[in-house]
Amino acid sequence: MINTEILRQPVHSKSQEDILREYQADAEKGLTPEEAASRLDIVGRNAISHEKKKSLWLTFMSQFNNALVYLLLVAAGLSFFFQEWLDGFAILVVILINAIIGFYMEYQAERSMEALKKLSILPSKVIRNGATTEINAEELVPGDLIFLEAGDMVPADGRIFRPSQLQMDEAALTGESLPVEKNEGQLDEATTLAERTNMLYKGTFIAKGNTRCIVTSTGMLTELGKIASLVQSAEQAATPLEKKLEGFSKKLIKITVALVVIIFFAGLLNGQKFLEMLETSIALAVAAIPEGLPIVATLALAQGMLRMAKHNVIVKKLSAVETLGGTNVICTDKTGTLTQNKIEVNLIVTPSGKYDVGNSKKADTDEPSFQQIVWASILCNTASLGEVGKETGDPLEIGLLKFSQQQGSNIESLRKDNPLVKEEPFSSDTKIMATMHRTKDGLRVYAKGASEELINRCNRIADPSGEHEFNADLKATWLSESEKLAASGLRVIAVGSKTSSADEKNLSADLVFLGLMGMIDPPREEVFAAVQECKSAGIKVIMITGDHPSTAQNIARKLGIMEDDKQAVMNGKDMSDYEHVTEDEKDRWISTPVFARVSPKQKLDLVTVLQDRKKIVGMTGDGVNDAPALKKSDIGIAMGLRGTQVAQEVADMVLKDDSFSSIVLAIRQGRIIFDNIRKFVIFLLSCNMSELFVIAVASVLNLHFQLFPLQILYINIITDVLPALALGVTAGSASIMKQPPRNTEEPIIDKKRWIAMIYYSVIITITTLAAVFISHHTVHKTEGWNPELCNNILFFTLIISQLFHVFNMSSSGSSNFFKNEVFTNRYVWYATVASFVLLFLSYQVIIVRKALDIYPMSYEDWLIAIGMSFTSLVLIQISKTFKMISQ
């Protein structure tokens with residue numbers, strides 16, 4: 001049983017032996033699963049505790065902390081003062097119903113955001129019982145042995161064991177911007193946090209190299225946890241969309257207040273009672289101002305993000321959804337994103353010949369160079385093969401291990417007999433990985449990497465007769481062979497080896513060339529269609545890869561990224577630094593569809609050039625060096641399967657399946673979400689404006705009929721909630737990916753949509769008022785007006801018109817009314833039916849009917865109300881069909 005007191009003691013000043021003894025840890029095999037489970041019960045999960053969430057009761061009570069609610073309370077108080085008891089209680093009921101609706105929407109939004117947080121789980125490679133497995137980092141316990149490599153986020157505080165060229169990015173903890181070198185020495189107890197070079201701390205990143213680490217502190221006992229316990233997390237900033245909605249609401253409030261004041265004084269001038277006009281004005285202000293817009297928008301965003309998560313896209317920031325809709329350039333990696341990332345060794349080329357090893361074939365040869373390539377595939381490799389489907393490591397290295405197994409090698413035995421002494425990890429700068437091993441014949445180095453890089457580091461070549469000078473002519477021949485293999489669609493790497501000594505500093509220099517390995521990674525079947533969809537949506541697709549230009553070109557042609565034979569691949573070596581790039585070069589960069597052998601710095605430069613030309617750029621990345629380009633881009637897209645944790649941390653979204661088609665799906669969903677938000681904003685405001693117009697016309701013209709305060713509030717409940725929420729989950733128009741990308745600076749409601757909203761409101765106002773006049777002059781034909789009947793026709797026609805109006809919210813490009821995205825949305829139908837049920841109850845339930853001043857109506861009056869409501873729908877649809885208006 002571990003002594004929990006040691007978890008609070010400094011460990012940087014203890015020896016490695018003391019660490020292993022006190023933590024009852026094993027630097028080779030790690031803990032047993034049973035011991036880990038026992039410790040988890042004692043110390044708890046490795047998680048940072050955040051500020052307590054607001055209770056449900058406080059969430060509910062906050063719905064009453066609203067200026068509009070205060071206005072309604074004033075109206076209720078005045079009703080009670082003037083002994084209008086029914087009106088007073090009815091207003092209180094309306095306040096309660098509004099609070100319940102607001103609480104439900106805020107609760108749902110909160111639940112959706114919590115569900116999104118749970119999707120972002122940090123994995124950690126832990127060694128237990130000698131086997132490397134990947135677990136949720138929250139399940140780590142003190143004493144666990146973990147393995148970390150470049151790009152990984154450190155999941156807990158720990159002491160370093162067996163580091164290899166280890167450098168850390170500790171800016172998140174110490175503020176140090178430059179990478180810090182780490183080792184496994186013992187330090188003085190007075191050493192400050194920033195100088196503890198034998199420790200790793202939760203929340204920092206591995207910038208270079210790899211290491212094992214014994215976990216010493218988890219959760220709130222880590223240095224990051226201590227900081228979190230002192231400072232509660234700051235309130236999340238509003239997204240750009242929420243800011244737009246808030247600004248929009250403020251403008252609307254000013255317009256509404258102005259109209260309400262006009263209506264109030266017009267009523268008084270026409271002899272209406274002061275209390276009645278005051279209540280009407282307050283009710284109208286409450287109904288017309290969409291105070292719930294931000295929360296409804298957040299709910300729509302969060303629900304949309306959850307839908308994306310079901311399609312393997314984790315969007316980490318609400319603001320990213322808005323940007324997705326405006327993306328017009330996607331810069332995508334090739335391996336695993338455009339291809340299947342199922343790398344299989346297909347061909348081995350040595351100085352003695354070519355060996356077809358595709359489809360799991362075993363080569364019939366005992367050539368030394370071939371055997372050395374097999375050994376290099378195992379030893380110069382950090383991946384591991386567990387159970388089927390549970391392999392850990394880079395897909396290319398996993399493919400190499402499977403190839404060596406097929407050739408009859410025992411991976412574990414070979415690694416045990418040839419232990420690792422030293423390592424030069426692969427980097428995007430050198431494009432080579434090299435390892436030194438202690439063999440029965442002495443120290444030996446194995447290296448693999450990009451063919452042009454590794455060939456240039458070889459000075460000898462091995463064939464059956466021995467080793468010979470690897471001169472310039474031979475190098476040119478092998479580089480030409482590599483070009484041919486790449487042009488045929490193979491991914492090519494070169495392999496080298498050499499005998500070495502313990503004091504060897506540059507492992508990848510002066511190698512003996514062994515041969516080439518050609519691997520296949522076929523394109524994903526769904527990507528071609530996704531690329532074509534991007535083109536129809538006005539989105540340019542750019543392939544950026546570290547692979548050979550010929551390999552990149554072969555894949556790009558198959559996927560339709562390169563269609564013009566005149567288009568050329570741009571090689572990274574031909575790209576100038578951003579500081580020196582000319583306008584002509586920028587033009588060439590923007591027109592080039594494929595970039596090969598590109599460095600992370602050049603990725604960043606390309607994003608900068610594209611943004612200089614006002615492009616909205618989505619950039620994919622997986623490595624630690626991709627982080628700057630991901631952060632610089634408008635939408636940073638990290639890979640979930642092969643992406644490093646540092647890339648996933650800075651990205652705006654993560655692809656769980658690494659597939660390009662998921663990016664396109666995310667853009668489509670981003671467009672749909674914004675379009676849906678725009679739909680319910682237009683719906684709410686056009687409905688609210690129609691109420692304003694109806695009451696304003698009746699007041700200014702001193703008509704014999706008017707809507708009552710409670711009726712206005714009831715209309716608001718019936719038409720504003722359910723239909724608006726249903727519009728928020730519309731599937732999207734079939735033409736949404738045939739439209740050009742949206743300008744992200746464009747307001748939610750632009751000029752043409754303002755015109756459309758006003759037009760909708762005017763049509764509804766005219767048909768609603770017309771229903772009253774038609775009933776009076778055709779059905780009843782009386783000289784005097786019946787105010788109660790006129791009020792009822794006005795009330796029901798306005799409600800039914802607004803419920804029908806939801807079907808006007810289809811996109812302008814929808815040609816078939818019965819097949820558009822709104823008409824086929826089953827939630828719109830559920831909402832409409834439910835709203836009609838509530839309307840029916842208002843007519844049948846006596847107490848509600850009395851509160852709303854509703855009287856029996858003849859079937860002729862009902863036909864007029866429904867008929868004129870339907871007329872407003874038809875008139876608006878005709879206007880949209882003939883392009884008189886558009887939204």
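The questions and answers below walk through a predicted model of one protein chain.

User: How many helices and strands does the chain have?
Analyst: In this predicted model, the C-alpha atoms fill a box of roughly 120 × 70 × 45 Å when taken along the principal axes. Within the chain, the secondary structure comes to 30 helices and 24 strands.

User: What percentage of the residues in the chain is buried?
Analyst: A residue is counted as buried when its relative accessible area is under 20%. By that cut-off, and over the 887 residues in the chain, the buried share is 55%.

User: Among contacts between residues at least 6 apart in sequence, what share joins residues at least 24 apart?
Analyst: A contact here requires heavy atoms within 4.5 Å. When such contacts in the chain are taken between residues at least 6 apart in sequence, the share that joins residues at least 24 apart is 72%.

User: How many positive and negative side chains are there, and what separates the centres of the two sets?
Analyst: The chain has 89 positive and 101 negative side chains. The centres of these two sets lie apart by 3 Å.

User: Is helix 13 largely enclosed or largely open, and which of its residues are buried?
Analyst: Helix 13 covers residues 395-406, and its span of 17 Å from first C-alpha to last is close to the 16 Å expected at 1.5 Å a residue. Because 9 of its 12 residues are buried, helix 13 is largely enclosed by the rest of the structure. The buried residues are Pro 395, Leu 396, Glu 397, Ile 398, Gly 399, Leu 400, Leu 401, Phe 403 and Ser 404.

User: Which residue with a positive phi follows helix 13?
Analyst: After helix 13 comes a residue whose phi is positive, near 95 degrees, and that residue is Gly 408.

User: Which strands are joined to strand 23 by bridges, and in what direction do they run?
Analyst: Strand 22 (residues 617-621) is joined to strand 23 by 4 bridges, and Thr 620 has Ile 637 as its bridge partner. Strand 24 (residues 653-655) is joined to strand 23 by 3 bridges, and Ala 638 has Val 654 as its bridge partner.

Technical notes
Residues numbered from 1 in each chain as written. Predicted model: local features only at pLDDT ≥ 70, side-chain atom pairs only at ≥ 80, totals over all residues. Heavy atoms only, no water. Helix = DSSP H or I, 4+ residues; strand = E, 2+ residues; numbered from the N terminus. Buried < 20%, exposed > 50% of the residue type's maximum accessible area, 1.4 Å probe, protein only. Lys, Arg positive; Asp, Glu negative; His and termini not counted. Charge placed at Lys NZ, Arg CZ, Asp CG, Glu CD. Expected span 1.5 Å × (residues − 1). Pairing = 2+ DSSP bridges.
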